[in-house]
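The structure comes first, and the description follows.

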Amino acid sequence: MSIIFSGIQPSGNLTLGNYLGALRNFSKIQAGNECYYCVVNQHAITVPQDPKMLHERTRQLAAIYIASGLDPEQSTLFVQSEVPEHVQLGWIMTTLSYVGELERMTQYKDKASKRGDSIPAGLLTYPPLMAADILLYQTNYVPVGDDQKQHLEITRNLAQRFNRVYGDVFTIPDIYLGHDGTRVMSLQEPTKKMSKSDDNTTATIYLLDNPKDIEKKIKRAQTDSENSVHYDVEQKPGISNLIEILSAMTDQTHDEITAAYADKGYGAFKKDVADAVISTLEPIQQRYQQLVGDPELDDILEKGAAKAHAKANVTYDKVCHAMGLYRK
Ligand code: AMP
Ligand code: TRP
């Protein structure tokens, strides 16, 4: 049995990329493991958030976790700000971090470059808070997309740095890249990742999009003029992305898909991709609608926070003792 931890920020509407790259893997690995899944709302406030939206999205994300297959009986689902050890250990991890290594994070560079002279310090100290999230639970594996590799690497470095100086307190976590490693690209600029923060909403399939919108977006997806369905990321990034999506939805290989559409055009292919996406998302959307306004969701989150707190507190206590942060 391994300990698994992962988190998603409640900072936008979740996309098909989040589902295939993250959420779907979360529920696949919950059986037989001790899993913690967190709505990381304190990471979201590293850039300004509208309070009402943040509150709503936190609840929505929790409902989506469950609707995507996460079983709250098997896994611990909770909101980061309800377990105070996250920021407490986050501060300690910040004191162990070097400004230089934090400035080298590509996510920091991307986000900071958009903020002119007013770069929030929390953008820089985002990775030590993420390290705290993971290390509090003595995590073995962290399922995330490959864009989070660098943050996992710094988490490992911080854990090793701490253990070297203060003794063996932390388990060193490994990244868990889902076996299919699906990376979904933008429908409009297929060399870019599909992202919940993209301003162009036609480039993105949201998990809660209705069937009509999904069909429209896939129909309008950027392709090429060749009208031949085969996988070639360099020459045909748009079609390759749609093949990847269909493959993830139907468990067919790229070759099987290429063979099935050998004598069909893009129109028929896109229609089938849209149908596959719609039928995968429909049950998720139904479960989400039942849950989001239901007090049952509050019960789940309260129990989750209590369980997470009990576990996190054991590690945090060890850290304080190891560092001399105690009185008696
Ligand atoms: P983000 O939306 O960037 O906060 O990411 C939340 C989780 O979803 C992370 O584990 C990401 O790696 C994953 N993810 C986000 N966008 C995609 C995408 N387009 N394809 C695959 N995984 C993604
Ligand atoms: N940085 C992650 C992202 O942007 C979110 C995150 C915060 C996270 N804390 C985490 C992911 C801990 C895994 C484990 O996707």
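## Cysteines and ligand shell

The sulfur of Cys 35 lies 14 Å from the closest cysteine sulfur, that of Cys 38, which is too far for a bond. Cys 38 is therefore in no disulfide, its nearest cysteine sulfur being that of Cys 35. A disulfide is a pair of cysteine sulfur atoms within 2.5 Å, and a search of the whole structure finds zero of them.

This is a predicted model, in which local features need pLDDT of at least 70, side-chain atom pairs count only at pLDDT 80 or more, and totals for chains, interfaces and linings use all residues. Residues are numbered from 1 along each chain as its sequence is written, chains are lettered from A and ligands numbered from 1 in the order in which they are written, and side-chain values use heavy atoms, with hydrogens and water left out.

Cys 35 is buried at 2% relative accessibility, and Cys 38 is buried at 0%. Buried means under 20% relative accessible area, exposed over 50%, and partly exposed in between (1.4 Å probe, protein chains only).

Ligand 1 is surrounded by 13 residues; the closest are Asn 18, Asp 147, Val 184, Met 194 and Lys 196.

| Protein atom | Ligand 1 atom | Distance |
|---|---|---|
| Gly 145, backbone N or O | oxygen | 2.9 Å |
| Met 194, backbone N or O | nitrogen | 2.8 Å |
| Lys 196, side-chain N or O | oxygen | 2.8 Å |

On its own, ligand 1 has 480 Å² of accessible area (Shrake-Rupley method, 1.4 Å probe), and the protein covers 89% of this area.

Note on methods
A residue is near a molecule or strand if one of its heavy atoms lies within 4 Å of it. A polar contact is a pair of N or O atoms within 3.5 Å; within protein, one must be able to donate a hydrogen and the other to accept it, and residues adjacent in sequence count only if both atoms are side-chain atoms.
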